[in-house]
Amino acid sequence: MSEPLLSVRNVVKHFPIRSKGLVRRQIGAVQAVSDVSFELAEGETLGLVGESGCGKSTTARVVLNLIPATSGQVLYKGRELTGISRGGMRELRRELQIVFQDPYASLDPRMPVNEIIAEPLRIHGLYADGGREQVRTLMQTVGLKPEHGNRYAHEFSGGQRQRIGIARALALRPKLLVLDEPVSALDVSIQAGVLNLLDELQSELGLSYLFVSHDLSVVRHIADRIAVMYLGQIVETGTSEQLFTAPAHPYTQALISAIPLPDPRKERARERITVVGDLPSPANPPSGCRFRTRCPKFANELTSEQQTRCVEQPPELVDRGDGHPSSCHYAESRALL
Amino acid sequence: MTSEQIDLAPSRRKGAAGEVVLEVSNLDVTFPSGDGPVRAVRGVDYTLHRGEVLGIVGESGSGKSVTSMAVMRLLPTTAKVTGEVRFDGRNLLELSESEMTRVRGSKIAMIFQDPMTSLNPVYTVGAQIAEAVRAHHDVSKAAALDRAVQLLDKVRIPNARDRASSFPHELSGGMRQRVVIAIAMANDPDVIIADEPTTALDVTVQAQILDALKAAQQETGAAMVLITHDLGVIAGQADRVMVMYAGKPVEIGTAEDVFYTPRMPYSLGLLGSLPRMDRPSERLTPIPGSPPSVVNMPPGCPFGPRCPKHTEVCDETEPELRATTSATHLAACHHAEALVGAEAEDVFDTEVADHDALAQLAEETP
């Protein structure tokens, strides 16, 4: 296999919790990301999925060096991003871009749209060389009318704003786009347009996507491979096909079975695997397997001897005979759809 | 204890299944605004039968929430509401405020999207449920609190007795929403209106809340109006579905009718826009454009400008709901018959990017 475009190795990110008062001593840490590793090949889409608080967005930001990792490595084309100089990072920003979730908050309300899209070109000193024309092409590409370039962000709908964000991200011709919940704020009929656009851009421009989302249906649609996160760790990873036809980790199974299908007969006949309770605090995760406190398998199927292993021994993310890695001592693939 | 016990056995005063419990006709809601009147709801008609779940689906601004707020008479006084809301032989829109207060919470209960704003932060959840019980029943505080614990247990809150003395901020979002459901159940209502009850929650928690809602409905025997933008939730919960667009119902039918044989291009496009988890990736069919502004709506079909089936007649007259294949499956489209057997990708275009521009961009890319 050729060298991956992006390689994330054992990344850890802790946010300190400080005491109140003058001293603000550190009294603990939120373990937002705990030992996450994955790779992304050129032209590929990796979906990072999980519920709120699982660390997926933090991981995405660490990848772009927007927040520094506590430990671990991020390699882009074999070059280490962690601890890189500002100048070095700036150069790499041309190849690594991000599209944010909220198209209302990520565009400057006082800048006309063609300026928003031109800004990356100006910063990198590329505007003088046909920048105007490029902005027009970019707007056209994402399905906006170039003659609307002197309007402001608030004059556009949510879907159009997200397209502006995409045009801005494309301005420097990046190789890798980090898409952080790019369609979560949009109505479905609009969301579909943005997803199709991302599809078309990828096949034409050969982009790689790191697609962060809480929506498994969207991720199945767009991703080649998927990593499922729970409480700061990847619990299962594989191709889209593998994860949806034969999920092996109880959390992945619960997630898939919790998402309602827009098909009345199928939806009513489905087998449900439900988790109990709520997410434990990431400042004080459970010992052993982090999912055990909510795990239906732990609660209903395992003997107390087997449970001891879940409590004491953190499961590793390895292939347990299901054809793809999962981090459950008792992983067992099941067909749920 | 016996005189204090609150008899809330279901079917106590409930009529037979299938009987109409709530009938909304010709409901119109207009808000004043600087740009002229905003017609948020434009002639909504529906009937709700005992024991059934009616799903109302639509995107932001379609008027689905305003419709139910109007039914509950919870809109600000500046809103102009006309039409009729028949419940228990009376028109709710004509009741005095004090009569309406007796209906709200006891006969018709409502569950909102954000449980933190429905609950009072300075009272324990047990006290808040007990308050709802005592608002409509003359019982002692102790009996009401017992009832509160019982209700918390029904919505599957573990250690209900201990939890009753928690404050809302001590509970997770899912737990809070269960408390709100318990309050809705407190007086054994005939109708529960749930407005986006799971939108703020993670999917695994959403599944738990949908179970709790179902339990609440079975326990009280109430009919339910479930408002959501999530077609998956509707598919799993609703017996009948009403699709709203620009303040009007554009399609009504059983869940099977609307999901398997939509007769309004908007419903078809909406279903085609949804990525599906249960099959390998296909092209999605986005609906071009965006919903019309409800200020100064042009004549004709409000979906016309976004509709590939659009013809001249669509610009001239706004289509009324009419029967399609069956008398209970209604659609508001001049071309409903043309959709027989059509798939979303036959009607809508799936290409989004401008291909010439994209090719140029690809060429310039190093």
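Reader: How far apart do the C-alpha centres of domain 1 of chain A and domain 2 of chain A lie, and what makes these two stretches domains?

Author: The C-alpha centres of domain 1 of chain A and domain 2 of chain A lie 28 Å apart. Domain bounds come from an automatic or database domain assignment, and for chain A they place domain 1 at 6-245 and domain 2 at 246-337. This is a predicted model, in which local features need pLDDT of at least 70 and side-chain atom pairs count only at pLDDT 80 or more, while totals for chains, interfaces and linings use all residues. Residues are numbered from 1 along each chain as its sequence is written, and chains are lettered from A and ligands numbered from 1 in the order in which they are written.

Reader: How many residues does the contact take from domain 1 of chain A and from domain 2 of chain A, and what makes two residues count as being in contact?

Author: Two residues are in contact if their C-beta atoms, placed from the backbone, lie within 7 Å. The contact takes 23 residues from domain 1 of chain A and 24 residues from domain 2 of chain A.

Reader: Which element gives the largest share of the side of domain 1 of chain A that touches domain 2 of chain A, and what makes a stretch a helix or a strand?

Author: Helices (H or I, at least four residues) and strands (E, at least two) are DSSP runs, numbered from the N terminus. The elements giving two or more residues to this side of domain 1 of chain A include β2 (26-40) and β10 (233-239) of chain A, and the largest share, six residues, comes from β10(A).

Reader: What makes a residue on that side nonpolar, polar or charged?

Author: Ala, Val, Leu, Ile, Met, Phe, Trp, Tyr, Cys and Pro count as nonpolar, Asp, Glu, Lys and Arg as charged, and the others, Gly among them, as polar. By these classes, the side of domain 1 of chain A that touches domain 2 of chain A has 12 nonpolar, 10 polar and one charged residues.

Reader: Into which domains is chain B divided?

Author: Chain B is divided into domain 1 (20-238) and domain 2 (243-347), and 28 Å separate their centres, taken over C-alpha atoms.

Reader: How many residues does the contact between chains A and B take from each chain?

Author: This contact takes 46 residues from chain A and 47 residues from chain B. On the side of chain A that touches chain B, α6(A) gives the largest share, 12 residues, and the residues of that side divide into 21 nonpolar, 14 polar and 11 charged.
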